[in-house]
Amino acid sequence: MAIGVFDSGVGGLTVHRELTRRFPERDFVYLADQANAPYGGRGGEEIVDLTRAGCERLFEAGANVIVLACNTASAIALRRLQQSWVPEARARHGRPVNVLGIIVPTIEAATGLPWTYEAERIAEGEKKEAIEITGVFCTAATAMSRVYEIEIDKRREDLAVFSEPCPGLAGLIELGAPTDELKVVVNDHVDALRRRIGRHPDKAILGCTHYEIVADLFAAALPPGTPVIHQPTAVADALDRYFQRHPEYALGGSGRRDFLTTGQPGPQSDLVAQFWGAPLAFAAA
């Protein structure tokens, strides 16, 4: 039995690394759907189907709780799977299983409020001007879902949210593009958001787990001291609370670490190795 971590590619390793630090004795199975990465430019139904297939593979590998370490999958597929597919999977596998996302913990970290909190609506004419701007750097699919704008506004009307889609950036990171090339792309998107809102954001969310691999480039492109919401920490905090509330899940205790891919098995890029701190190879899923 294990904790499963799913992503379209290597970006979810940022979340996986933090989870293994938080739960070192637990068993983990990581699955990268590299044969179909990236997800950001795909249609909604295709994202749902691919995410469902990846979760089923992880359940077959013994995962009881799966973390969708992919903002696109969390934004587009999670609710559908939780409502209609997870109950059927529990019955089919004959054990408690669940699929969790990473957007809820991120919004809790960005607002400082629990997911269950919903602000009292203020009449349109009485609304105060937002006093803080949050910029979200994400894939095109996540930006189109407007999940960050909608869910943050439900809780904090004093926060204005602007999403900056970064098409192609996750793919470049997945392929291990040179740092100089990645720096140009990151700088362009930070500047594009600045021009669109008239100034830099007060706070930033890296709304794609791939971007955490180049978090230092975003920090350098933003004004010094700009707070950045780091999803791996937010997710680990939320999962810790979740397991305290749900002791029914068997998670293994041997510290096992399995890495699977639907793509080409073997070593990952130098960029991934540098981020991970050691060479990392995936086995065939």
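## A charge over a ring

In this predicted model, Arg-155 is placed over the face of Trp-115, at 4.1 Å from the ring centre. This arrangement pairs a charge with an aromatic ring; contacts between rings are taken up next.

## Aromatic pairs

The model contains 11 aromatic pairs. One of them joins Phe-23 and Phe-243 in an edge-to-face arrangement, with 5.6 Å from centre to centre and 75° between the planes. Phe-23 belongs to the loop between helix H1 (13–22) and strand E2 (28–32), whereas Phe-243 belongs to helix H11, so the pair ties together parts that are 220 residues apart in sequence. Phe-23 has a relative accessibility of 7% and therefore counts as buried. Phe-243 is likewise buried, because its relative accessible area is 12%, under the 20% limit.

A second example is the pair of Tyr-30 and Phe-282, which is tilted, with 5.9 Å between the centres and 40° between the planes. Tyr-30 lies in strand E2 and Phe-282 in strand E11 (residues 281–284), and the pair links these distant parts of the chain across 252 residues. Tyr-30 is buried at 0% relative accessibility, and Phe-282 is buried at 4%. Ring pairs also link Phe-23, Tyr-242, Phe-243 and Tyr-249 into a cluster.

## Packing of helices H5 and H11

Helix H11 (residues 231–245) also packs against helix H5 (residues 103–111), at an angle of about 105° and with the two axes 8 Å apart. Angles of 65 to 115 degrees count as roughly perpendicular, and H5 and H11 are therefore roughly perpendicular to each other.

On the H5 side, the contact is made by Pro-105, Thr-106, Glu-108 and Ala-109; on the H11 side, by Gln-231, Ala-234, Val-235, Ala-238 and Arg-241. The residues of this contact comprise five nonpolar, two polar and two charged.

Thr-14 is located in helix H1 and, at 3% relative accessibility, counts as buried. Setting aside residues up to four places away in sequence, Thr-14 touches Thr-209, Glu-212, Ile-213, Pro-232 and Phe-275. The C-alpha atoms of Thr-14 and Ala-278 are 14 Å apart, and the two residues are separated by 264 residues along the chain.

Val-214 sits in the loop between strand E7 (203–206) and helix H10 (215–221). With a relative accessible area of 3%, Val-214 is buried. Apart from its neighbours within four places in sequence, Val-214 is in contact with Ile-173 and Leu-182. A distance of 8.7 Å separates the C-alpha atoms of Val-214 and Phe-275, which are 61 residues apart along the chain. Phe-275 is also one of the residues touched by Thr-14.

## Backbone geometry

The peptide bond from Ala-37 to Pro-38 is cis, with omega near -5°. Pro-38 is found in the loop between E2 and helix H2 (44–60).

Arg-146 is not a glycine, yet its phi is positive, at about 55°. This residue occupies the loop between helix H6 (140–145) and helix H7 (147–155). Its relative accessible area of 43% makes Arg-146 partly exposed.

## Positions with greater accessibility

Which class of accessibility applies to Met-144, at 72%? Met-144, a residue of helix H6, counts as exposed at that value, because exposed means over 50% relative accessible area.

Arg-199 lies in the loop between helix H9 (179–197) and E7. At 36% relative accessibility, Arg-199 counts as partly exposed. Excluding neighbours within four places in sequence, Arg-199 is in contact with Ile-133, Leu-193 and Arg-194. The C-alpha atoms of Arg-199 and Pro-87, 112 residues apart along the chain, are separated by 46 Å.

Conventions: Residues numbered from 1 in each chain as written. Predicted model: local features only at pLDDT ≥ 70, side-chain atom pairs only at ≥ 80, totals over all residues. Heavy atoms only, no water. Axes fitted to C-alpha atoms, helices over the stretch in contact; angles between N-to-C directions. Helix = DSSP H or I, 4+ residues; strand = E, 2+ residues; numbered from the N terminus. Parallel < 35°, antiparallel > 145°, perpendicular 65-115°, else oblique. Contact = heavy atoms within 4.5 Å. Nonpolar A, V, L, I, M, F, W, Y, C, P; charged D, E, K, R; others polar. Phe/Tyr/Trp six-rings, centres within 6.5 Å; stacked < 30°, edge-to-face > 60°. Buried < 20%, exposed > 50% of the residue type's maximum accessible area, 1.4 Å probe, protein only. Lys NZ or Arg CZ within 6 Å of the ring centre and 35° of its normal.
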